[in-house]
Amino acid sequence: MKRFFLLSIIFCVFIIRGYGQVADTARYIKTSTGYLMVLRQGDDVFKEISRMAVAEKIPSANFTAMGFVDARFGFFDFKTKEYKPKDFRDVEMASMTGSIAWQKEQPSLHIHGVVTDASFTAFGGHLLSATVGTGSLEITVIVHDKKLERKMEEPLGANVLQLQ
C-alpha cells in the first residue's frame, strides 16, 4: 500500500510539472540534408523556424511544409509598397515553401503557401504569419553551405535575396 501511495505521488508530480507534455517535446531533429521540424498547436511558425536558424547557425536554406494552420497571407501592392493582408483560420496548409537567409544579422524568412478550407477551396500567396492550428505542421529544411543575405532593393521596395 505504501509503495502504491508513493508511486501515485510521483505520478502526480510528474503530471503537475508537465513532464511528457507536447510543449516539452523537441521541435526538430538533424537529418542528412538539414532538419526535420514538427510544430504543434499554438506554435508560431516564423518564430520557431527563426529560432532554429539562429540556434543551428544555418547559413541559408529552403524548406517545405504541410499541416494545419491559422494563416495571414499578403498580396504586395507595388504602388503602395505594402502588403494587403487576409486571414484564414482553421485551414490545411496544402503546401508551404520558403527560404532562410539573413538580414542585419537576423534570420530573414520568405514564405509562400497554399491553404484549403473544409470546402476544398484553395487560397495562397505570400505568408505574413502563421500559427499551427489543430494537429501539427511538418517542415523539411534543406540547408545550403553558403550564407545568403537579403537586401532592400529600390525601386521594387522589397527585400531581395542576394547571391554574392
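**Rings, pocket and backbone: reasoning from values**

Q: Which cluster do ring pairs form in this chain?
A: Phe73, Phe88 and Phe123 are linked into a cluster by ring pairs. The model is a predicted one. A ring pair here needs centres within 6.5 Å.

Q: How many aromatic pairs does the rule give?
A: The count is 5 aromatic pairs. One of these is Tyr28 with Tyr35, an edge-to-face pair.

Q: Why is the pair of Tyr28 and Tyr35 called edge-to-face?
A: Two values decide. The ring centres of Tyr28 and Tyr35 are 5.7 Å apart, and a pair requires centres within 6.5 Å.

Q: What makes Tyr35 buried or exposed?
A: Its relative accessibility is 6%. Buried means under 20%. Tyr35 therefore counts as buried.

Q: Why is Tyr28 called partly exposed?
A: Tyr28 has a relative accessible area of 25%.

Q: How do you know that the charged end of Lys30 sits over the ring of Tyr35?
A: The charged end of Lys30 is 4.9 Å from the centre of the Tyr35 ring. The limit is 6 Å, with a further condition of within 35 degrees of the ring normal.

Q: Which ring lies under the charged end of Lys147?
A: The ring of Trp102, whose centre is 5.3 Å from that charged end. This distance is within the 6 Å limit.

Q: What lines the largest pocket?
A: The lining has 21 residues. Phe76, Tyr83, His110, His126 and Ala158 lie nearest the centre of the pocket. Its volume is about 380 Å³. By class, the lining holds 8 nonpolar, 10 polar and 3 charged residues.

Q: Which strands each supply at least two residues of that lining?
A: β3 (60–77), β4 (82–103), β5 (106–116), β6 (122–144), β7 (149–153) and β8 (158–162).

Q: What pattern does the chain follow along the sequence?
A: The order is α-β-β-α-β-β-β-β-β-β, with 2 helices and 8 strands. Of the 164 residues, 35% count as buried. Among contacts with a separation of 6 or more, 63% come from residues 24 or more positions apart.

Q: Why is Glu48 called buried?
A: Glu48 has a relative accessibility of 9%. The cut-off is under 20%, so Glu48 counts as buried. It is found in helix α2 (residues 45–55).

Q: Which residues is Glu48 in contact with, leaving aside neighbours within four places in sequence?
A: Arg27, Met37, Leu39 and Asp43.

Q: What makes Leu148 buried or exposed?
A: Relative accessibility is 16% for Leu148. The cut-off for buried is under 20%, so Leu148 counts as buried. The residue lies in the loop between β6 and β7.

Q: Where does the chain bring Leu148 and Ser60, which are 88 residues apart?
A: Their C-alpha atoms are separated by 5.7 Å. Ser60 is also a contact of Leu148, and the list beyond four places in sequence includes Pro59, Ala101 and Trp102. Leu161, Gln162 and Leu163 are on that list too.

Q: Why is Val160 called partly exposed?
A: Val160, in strand β8, has a relative accessible area of 23%. That falls between the 20% and 50% cut-offs, so Val160 is partly exposed. Beyond four places in sequence, Val160 touches Glu149, Arg150, Lys151 and Glu153. The C-alpha atoms of Val160 and Glu149 are 8.4 Å apart.

Q: What is the peptide bond that joins Glu154 and Pro155?
A: A cis peptide bond, with omega at about 5°. Pro155 is found in the loop between β7 and β8.

Q: What phi does Lys57 have, although it is not a glycine?
A: Phi is positive, about 50°. Lys57 lies in the loop between α2 and β3. At 68% relative accessibility it is over the 50% cut-off, so Lys57 counts as exposed.

Q: Why is Asp90 called exposed?
A: Its relative accessibility is 60%. Exposed means over 50%, so Asp90 qualifies. Asp90 is in strand β4 and has a positive phi near 55°.

Notes: Residues numbered from 1 in each chain as written. Predicted model: local features only at pLDDT ≥ 70, side-chain atom pairs only at ≥ 80, totals over all residues. Heavy atoms only, no water. Phe/Tyr/Trp six-rings, centres within 6.5 Å; stacked < 30°, edge-to-face > 60°. Buried < 20%, exposed > 50% of the residue type's maximum accessible area, 1.4 Å probe, protein only. 1 Å grid on protein atoms, 1.4 Å probe; cavity = no way out; pocket = protein on both sides within 12 Å on 5 of 7 lines; lining within 4 Å. Points joined across faces, edges and corners; volume = space filled by probe spheres on them. Helix = DSSP H or I, 4+ residues; strand = E, 2+ residues; numbered from the N terminus. Nonpolar A, V, L, I, M, F, W, Y, C, P; charged D, E, K, R; others polar. Contact = heavy atoms within 4.5 Å.
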